[in-house]
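Subject: Structure handover

Hi there,

Here is the structure I promised to pass on to you.

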Amino acid sequence: MRMTVKLFAAARERTRKSEVEFPLVPGMTLGDLGKALSEHCVGFQGITGRWAVNLKFAKTDYQVQAGDEIAFIPPVSGG
Amino acid sequence: MFAVTESPIDVNALLRETATEDDGGISIFVGAVRRHSNGETVKALDYEAYADMAVQSFQEIAEEARTRWGVERMTIVHRVGKLFIGEIAVVVVAASPHRREAFQACHYAIDRVKEVSPIWKKEFVLEVSSV
C-alpha cells in the first residue's frame, strides 16, 4: 500500500514536488517517514516543520494508518 | 464563514454575511500587503495555503473564541496567490451583542491564524527600471 505526502512552501520548493508517494510500512511513524524522505527525496534534508495528519498537527511518534492524509508543514507565515 | 480564496476579498460582503440583528459590536481586522520596497525593486507577496487544513483551522479558532468569549458569529477569510501592495490578504470579522467580546475575539483570531494556520507568504520582486 502506498501513501501520499503533501509538501508545502520550502518543502515543496526544495524538493520541486508538491506530493511524494511512499510505501506504507506497518508500524511506521511520522518520524520514520521523515527519515525515509530525507534519504530518498532530494531537497528534503534539513527542512524544518511539523507533520499534519488528516488536517491536524500530529506528533512524530504517530503511527501512520492507511488512508491518512499526510502533509509536511514548514513554519507558517500567513495572516 | 471560513474560506481560502483566490479572489479579491469583499469586506462589506463579509460584514453583511456575518453580523445579525443581535449584534451591536462588530470588529473587523483587515490584513493588507504593505510596501516592502527598497529603492529600485517593489516587492509583493505570494501566498500559499494548505486550503483544507487552513479552513479547518479557522473553524477551530472560531470555536476557541466562542468558548472564551461567547462570540458566536465569526468569519475568517484568507486570500492566496500573488498580492500587490495595498491588496487585502486576510479578513477576520467577529460579531457580538457588545463590543468588548467582539474586539477580543477578533484580536485573538488573527493572532491564532498567524500562529497555526497552514499558510505561507513569500516575497517576490518586481524590478523597476527606468527606460
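Below is what came out of it, starting with how the two chains meet.

First, the ground rules: this is a predicted model, in which local features need pLDDT of at least 70 and side-chain atom pairs count only at pLDDT 80 or more, while totals for chains, interfaces and linings use all residues. Residues are numbered from 1 along each chain as its sequence is written, chains are lettered from A and ligands numbered from 1 in the order in which they are written, and side-chain values use heavy atoms, leaving out hydrogens and water.

**Where the chains meet**

Chain B brings 21 residues to the contact and chain A brings 19 (contact means heavy atoms within 4.5 Å). Together they bury about 1700 Å², with 55% of it on carbon and sulfur atoms; buried area here is the accessible area (1.4 Å probe) that two parts lose on being put together, summed over both. Of the area that chain B buries against chain A, 40% comes from B:Tyr50, B:Met53 and B:Trp120, more than from any other three residues.

There are three salt bridges between chain B and chain A, counted when a side-chain nitrogen of Lys or Arg is within 4 Å of a carboxyl oxygen of Asp or Glu. One salt bridge joins the side chains of B:Glu48 and A:Arg12, at 2.8 Å from N to O.

On chain B, the elements giving two or more residues to the side that touches chain A are strand S3 (41-49), helix H2 (51-69), H3 and strand S7 (119-127). These are DSSP runs numbered from the N terminus: helices are H or I with at least four residues, strands E with at least two. H3(B) has the largest share of that side, five residues.

**Inside the chains**

The largest nonpolar core has 26 residues, and B:Tyr47, B:Ile61, B:Met74, B:Ile76 and B:Val92 have the most contacts inside it. A nonpolar core is a set of buried Ala, Val, Leu, Ile, Met, Phe, Trp, Tyr and Cys residues joined through side-chain atoms within 4.5 Å; buried means under 20% relative accessible area, exposed over 50% and partly exposed in between (1.4 Å probe, protein chains only). H3(B) gives the most to this core, seven residues. Another core, of 20 residues, lies apart from it and includes A:Val20 and A:Phe22.

B:Gln104 sits in helix H3 (residues 99-116) of chain B and is partly exposed, at 34% relative accessible area.

Best wishes
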